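Please keep the sequence and the structure in view while reading.

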Amino acid sequence: MKLVVVSLIPSLGIWTLLMGACLGVEKFTLKKLIGVFACFAGVVLTSGADISGDNDKNRGSFPHKSGQQISIGDALALLSAVLYGIYTTLMKKRIGDEVRVNMALFFGIVGLFNIVTLLPGFLVFHYTGVEPFKLPPTRRIWAIILVCSQLKPCKHPLTQEV
């Protein structure tokens with residue numbers, strides 16, 4: 001059962017495709033559906049390795065989480081995927097053609113809005129001890145973060161012209 005829940009979490013491609021097709025923003029094609037399911041299959045394969053063990057022997061320094069905490073995290077991640085699908089679909093429907101909008105300015109405003117609205121919650125969670133903030137502990141993790149932040153993201157299958 002856990003495999004089903006964990007593999008639904010990064011399903012934003014499916015949500016975006018379904019909502020986009022329902023609102024007439026995206027054309028539902030077999031090529032897009034295959035792309036979404038290929039991403040979904042990758043998630044199933046990688047998350048199956050994460051949840052297959054019944055004990056914590058391969059957990060490393062990752063903190064132990066109870067079943068309730070894992071379920072809450074899964075539900076929030078699934079909600080996040082659905083909301084992201086709604087956000088991208090409505091943005092595309094509202095904007096229409098991207099040449100009408102200065103995308104750098106638009107995403108700069110979105111980032112500023114996120115900082116102003118989310119930073120107080122971040123500070124509350126940290127200082128109350130609900131979710132303390134810690135910097136990455138090793139140079140290897142810092143290197144991974146820096147390399148990944150500099151790579152250009154691959155085009156999502158739903159954003160490619162058919």
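Helix α5 has 26 residues and spans 37 Å from its first C-alpha to its last, which is close to the 38 Å expected at 1.5 Å a residue. The model is a predicted one, and the protein chain in it has 6 helices and 0 strands, so that, by the assignment of helices and strands used here, its pattern along the sequence reads α-α-α-α-α-α. Of the 162 residues in the protein chain, buried residues make up 15%.

**Helix α5 and its ends**

- Although the span of α5 is close to the expected value, the helix bends by about 40° at L118, and a proline, P120, follows within four residues.
- At the start of α5, a side-chain oxygen of N102 comes to within 3.2 Å of the backbone nitrogen of A104.
- Just after α5, the backbone of G129 adopts a positive phi of about 85°.

**The nonpolar patch on the surface**

- A nonpolar patch on the surface is formed by I115, L119, F122, L123, Y127, F133, L135, I141, W142 and I145, which together have about 990 Å² of accessible area.
- The elements giving two or more residues to this nonpolar patch are α5, covering residues 103-128, and α6, covering residues 139-150.
- Helix α5 provides the largest share of the nonpolar patch, namely 5 residues.
- I115, one of the residues of the patch, lies in helix α5, and it counts as exposed because its relative accessible area is 53%, where the cut-off for exposed is over 50%.

**Salt bridges around E26**

- In one of the salt bridges, E26 pairs with K32, and the closest N and O atoms are 2.7 Å apart; both E26 and K32 are buried.
- E26 also meets K92 through their side chains in a salt bridge, with a distance of 2.5 Å from N to O.
- Because E26 lies in the loop between α2 (12-23) and α3 (30-51), while K92 lies in helix α4 (residues 67-95), this pair ties together parts that are 66 residues apart in sequence.
- The relative accessibility of E26 is 13%, and therefore E26 counts as buried, whereas K92, at 38% relative accessibility, counts as partly exposed.
- Through salt bridges that share partners, E26, K32 and K92 are joined into one network.

**Further residues of helix α4**

- T88 has its place in helix α4, and it counts as buried because its relative accessibility is 15%, the cut-off for buried being under 20%.
- A polar atom of the T88 side chain lies 3.2 Å from the backbone oxygen of G85.
- R94 is likewise placed in helix α4, but R94 counts as exposed, with a relative accessibility of 74%.
- Although R94 and V25 are 69 residues apart in sequence, their C-alpha atoms are 9.6 Å apart in space.

**Helix α2 and the residue that follows**

- Helix α2 has 12 residues and reaches 16 Å from its first C-alpha to its last, which is close to the 16 Å expected at 1.5 Å a residue.
- The buried residues of α2 are G13, T16, L17, M19 and G20.
- Just after α2, G24 takes a positive phi of about 80°.

Technical notes: Residues numbered from 1 in each chain as written. Predicted model: local features only at pLDDT ≥ 70, side-chain atom pairs only at ≥ 80, totals over all residues. Heavy atoms only, no water. Patch = residues over 30% accessible without salt bridge, like charges linked within 9 Å, V, L, I, M, F, W, Y side chains within 5 Å. Areas by Shrake-Rupley, 256 points an atom, 1.4 Å probe, with all protein chains shown as cover. Salt bridge = Lys/Arg side-chain N within 4 Å of Asp/Glu carboxyl O. Buried < 20%, exposed > 50% of the residue type's maximum accessible area, 1.4 Å probe, protein only. Expected span 1.5 Å × (residues − 1). Bend = angle between axes of the 7 residues up to and from the residue. Polar contact = N/O pair within 3.5 Å; in protein donor to acceptor, adjacent residues only side chain to side chain.
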